[in-house]
Amino acid sequence: MKETGNTDVKNILGLKLPTDPRWVNLAEIQLDEILTDHAYCEQKAATTCISLITKNPEKELLVEQLSPIVTEEWGHFRMVLAELKKRKLKLGKQRKDVYVNKLLEFQKKGGSPMERFLDQMLIMALIEARSCERFKRLSEGMDDEYMRKFYRKFMESEAGHYTLFINLSEYYIDKNIVRKRWKEWLDYEKVLMKSEEVRGDRIH
Ligand SMILES: [Fe+2]
Ligand SMILES: [Fe+2]
């Protein structure tokens with residue numbers, strides 16, 4: 001198996017802590033769980049984009065750029081759903097999303113509308129970046145060639161999403177403010193990733 005250096009992913013995505021290498025092996029033996037969790041990640045990505053659009057109708061560029069992402073994320077949901085069906089697996093219920101819940105705890109409470117908007121955008125950027133990094137791990141480390149290709153497709157589109165959320169933030173808010181807060185988010189996520197147990201039944 002090809003193993004690309006961790007610095008690669010770190011540099012592309014800005015993430016401060018690469019995924020524990022044991023995670024891919026754990027994920028591979030619990031693929032049914034991973035597929036269900038992944039399907040809901042895609043559903044939540046689509047739902048959150050819809051919510052960002054409806055909460056910010058005055059931001060024309062955001063509406064214009066996030067609308068196709070809704071379609072794309074829902075397309076991803078359907079791709080995972082098809083994979084579950086192929087394996088005669090059911091979608092199953094949504095699991096508790098510890099990672100996202102912990103990220104939400106870092107949102108600025110009682111901040112200005114601008115600060116709240118920025119945090120919402122940066123949470124999305126972070127989830128996209130971490131998902132992309134995880135898909136990259138799966139696309140490089142899984143034994144099954146079909147699944148490696150399957151995850152490579154997701155990795156490629158999530159990489160574009162991460163930059164979209166950052167760029168949109170910088171379009172509406174002073175770049176220095178965005179970069180300062182983004183750094184705080186990256187530091188927080190590093191601590192969060194370190195504190196979480198490595199489990200193969202979740203994408204994050
Ligand atoms: Fe996606
Ligand atoms: Fe995405």
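Helix α6 is largely enclosed by the rest of the structure, because 21 of its 29 residues are buried. Here a residue is buried if 20 or more other C-beta atoms lie within 10 Å of its own, exposed if 12 or fewer, and partly exposed in between, with C-beta atoms placed from the backbone. This is a predicted model: local features need pLDDT of at least 70, side-chain atom pairs count only at pLDDT 80 or more, and totals for chains, interfaces and linings use all residues. Residues are numbered from 1 along each chain as its sequence is written, while chains are lettered from A and ligands numbered from 1 in the order in which they are written.

**Overall fold**

- The protein chain has eight helices and zero strands. Helices (H or I, at least four residues) and strands (E, at least two) are DSSP runs, numbered from the N terminus.
- Read from the N terminus, the order of elements is α-α-α-α-α-α-α-α.
- The protein chain is as compact as a globular protein of its length, because its radius of gyration is 17 Å, close to the 17 Å that the globule rule gives for 204 residues. That radius is taken over C-alpha atoms, and the globule rule is 2.2 Å times the number of residues to the power 0.38.
- Along the principal axes, the C-alpha atoms fill a box of roughly 45 × 30 × 25 Å.
- Of the 204 residues in the protein chain, 30% count as buried.
- Take the contacts in the protein chain with a separation of 6 or more: residues 24 or more positions apart account for 76% of them. Two residues are in contact if their C-beta atoms, placed from the backbone, lie within 7 Å.

- Helix α6 covers residues 113-141. From first C-alpha to last, α6 reaches 42 Å, close to the 42 Å expected at 1.5 Å a residue. The expected span is 1.5 Å times one less than the number of residues in the helix.
- Helix α7 covers residues 145-172, which makes 28 residues. Its reach is 42 Å between the first and last C-alpha, close to the expected 40 Å.

**Packing of α2 on α6**

- Helix α2 (residues 22-29) packs on α6 at an angle of about 75 degrees, and the axes are 10 Å apart. Axes are lines fitted to C-alpha atoms, for helices over the stretch in contact, and angles run from 0 to 180 degrees between N-to-C directions.
- The two helices, α2 and α6, are therefore roughly perpendicular to each other. Angles under 35 degrees count as roughly parallel, over 145 as roughly antiparallel, 65 to 115 as roughly perpendicular and the rest as oblique.
- On the α2 side, Trp 23, Val 24 and Ala 27 make the contact.

- Cys 49 sits in helix α3 (residues 31-55). Cys 49 is buried, because 24 other C-beta atoms lie within 10 Å.
- Beyond its neighbours within four places in sequence, Cys 49 is in contact with Leu 66, Ile 69, Val 70 and Glu 73.
- Val 63 belongs to helix α4. Val 63 is partly exposed, because 14 other C-beta atoms lie within 10 Å.
- Leaving aside neighbours within four places in sequence, Val 63 is in contact with Ile 53 and Pro 57.

**Exposed residues**

- Lys 88 is in the loop between α4 (60-86) and α5 (98-104). Lys 88 has 6 other C-beta atoms within 10 Å, so it is exposed.
- Phi of Lys 88 is near 55 degrees, a positive value in a residue other than glycine.
- Lys 194 lies in helix α8. With 10 other C-beta atoms within 10 Å, Lys 194 is exposed.
- The C-alpha atoms of Lys 194 and Tyr 40 are separated by 23 Å, and the two residues are 154 residues apart along the chain.
- Glu 197 is in the segment after α8 (175-195). Glu 197 counts as exposed, because it has 6 C-beta neighbours inside 10 Å.
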